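Here's a quick tour of a two-chain model. Have a look at the structure first, then read on.

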There are 2 protein chains.
Amino acid sequence: MSFVLDPRLEADTRPVCDLTLSTVRLMNDARFPWLILVPMQPNLVELTELDPDQRHLLTEEIDGVSRVLGSIMSADKMNVAALGNMVRQLHVHVIARHDGDHAWPGPVWGVGTVEPYDDRAADALIGTLRNHLTGA
Amino acid sequence: MSFVLDPRLEADTRPVCDLTLSTVRLMNDARFPWLILVPMQPNLVELTELDPDQRHLLTEEIDGVSRVLGSIMSADKMNVAALGNMVRQLHVHVIARHDGDHAWPGPVWGVGTVEPYDDRAADALIGTLRNHLTGA
C-alpha cells in the first residue's frame with residue numbers, strides 16, 4: 001500500500017517540498033506562517049507508530065523546518081504539535097508565532113476565519129522555503 | 001547555572017518522576033490525562049535549542065511517556081505539543097484524548113475551567129504512571 005495524502009490536508013494546504021520522510025505543505029492561511037510535515041508512509045496515525053529510525057528522521061526534519069521557518073519569519077515563538085483529532089493521518093504542525101498575531105498567546109487551531117493567501121504571496125513564500133529546505 | 005522549574009508550570013502540575021533528560025509532571029486537571037515533559041536544562045525555550053543528543057533523548061522520552069499514558073488511559077488519540085506562548089520554559093505536552101472529552105475534537109489549551117484532582121485520585125494515577133515510567 002502506498003502513501004496518499006489525506007484529502008482534507010491536501011485541500012487546506014499548498015505543496016512546498018518533499019524531504020526524506022515527510023512531505024512539507026504550507027497551510028493556506030496567511031494569518032499564520034504555518035507548515036505541516038506529513039510522513040510519507042501509509043496508515044500512520046500516532047507518533048508512536050513510527051519505528052525508531054523514522055522517529056529520529058522526523059525529529060530531524062521537524063528541527064530543520066522549524067529553524068528555517070522561524071528564521072525566515074523572525075518568529076517570537078515556534079509551536080510544534082501533532083494533534084490529529086480531526087484529521088487522523090499523522091501530521092506535525094510547525095507554526096511561527098508572533099506576539100500579537102491573530103491567536104496570540106493561544107493556540108492557532110480553530111481560531112477565527114482562515115484567510116487564504118493570494119497566489120503571488122504563496123508562491124513567493126513557498127519559493128523561499130523550498131530554497132532553504134532543499135538547497136535547490 | 002542549574003535548572004529551575006518555571007513557577008507557573010510548578011503551580012499547575014504535580015510531580016510524577018524524573019527521566020534522563022526530562023522531569024515528568026501531571027497537569028492538575030482531572031478533565032484530561034495530561035503530562036508535561038520539561039527538559040532539566042537551564043534556559044531552554046525552543047526545541048531547536050537542544051543539541052542533537054538531547055533532541056533524540058527527548059524524542060525517546062516523549063515516545064515512552066506517550067505509549068504509557070495512551071495505554072493506561074485507553075486514549076482515542078494522543079496529542080503531543082510544544083507551544084510555550086505563555087510559559088516560555090521549554091515543555092512538551094503529552095495528552096490522552098478521548099472522543100467526547102471536554103474539548104474534543106479541539107485542542108485542550110484554554111478550554112473551560114480547570115478541575116483539579118482530589119489528592120487520592122492524583123496519587124493513584126501518579127503511582128501508576130511512575131511504576132510504568134521508571135519500572136519502580
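Contact here means heavy atoms within 4.5 Å. Keep in mind that this is a predicted model.

## How the two chains relate

## Helix H2 of chain B

H2(B) covers residues 52-72, 21 residues in total, and spans 30 Å from first C-alpha to last, close to the 30 Å expected. At its start, a side-chain oxygen of B:Asp51 comes to within 3.1 Å of the backbone nitrogen of B:Asp53. After the helix comes B:Ser74, with a positive phi near 45 degrees.

The buried residues of H2(B) include B:Leu58, B:Ile62, B:Val65 and B:Leu69, and also B:Arg55, B:Glu61 and B:Asp63. What do the buried residues of H2(B) pack against? Within chain B, their partners are strands S2, S3, S4 and S5 plus helix H3; across in chain A, the partner is helix H2.

## A loop residue in chain A

A:Glu115 sits in the loop between strand S5 and helix H3 of chain A. With a relative accessible area of 38%, A:Glu115 is partly exposed. Beyond its neighbours within four places in sequence, A:Glu115 touches A:Asn28, A:Asp29, A:Ala30, A:Arg31 and A:His102.

How values were computed
Residues are numbered from 1 along each chain as its sequence is written. Chains are lettered from A and ligands numbered from 1 in the order in which they are written. This is a predicted model: local features need pLDDT of at least 70, side-chain atom pairs count only at pLDDT 80 or more; totals for chains, interfaces and linings use all residues. Side-chain values use heavy atoms; hydrogens and water are left out. Helices (H or I, at least four residues) and strands (E, at least two) are DSSP runs, numbered from the N terminus. The expected span of a helix is 1.5 Å times one less than its number of residues. Buried means under 20% relative accessible area, exposed over 50%, partly exposed in between (1.4 Å probe, protein chains only). A polar contact is a pair of N or O atoms within 3.5 Å; within protein, one must be able to donate a hydrogen and the other to accept it, and residues adjacent in sequence count only if both atoms are side-chain atoms.
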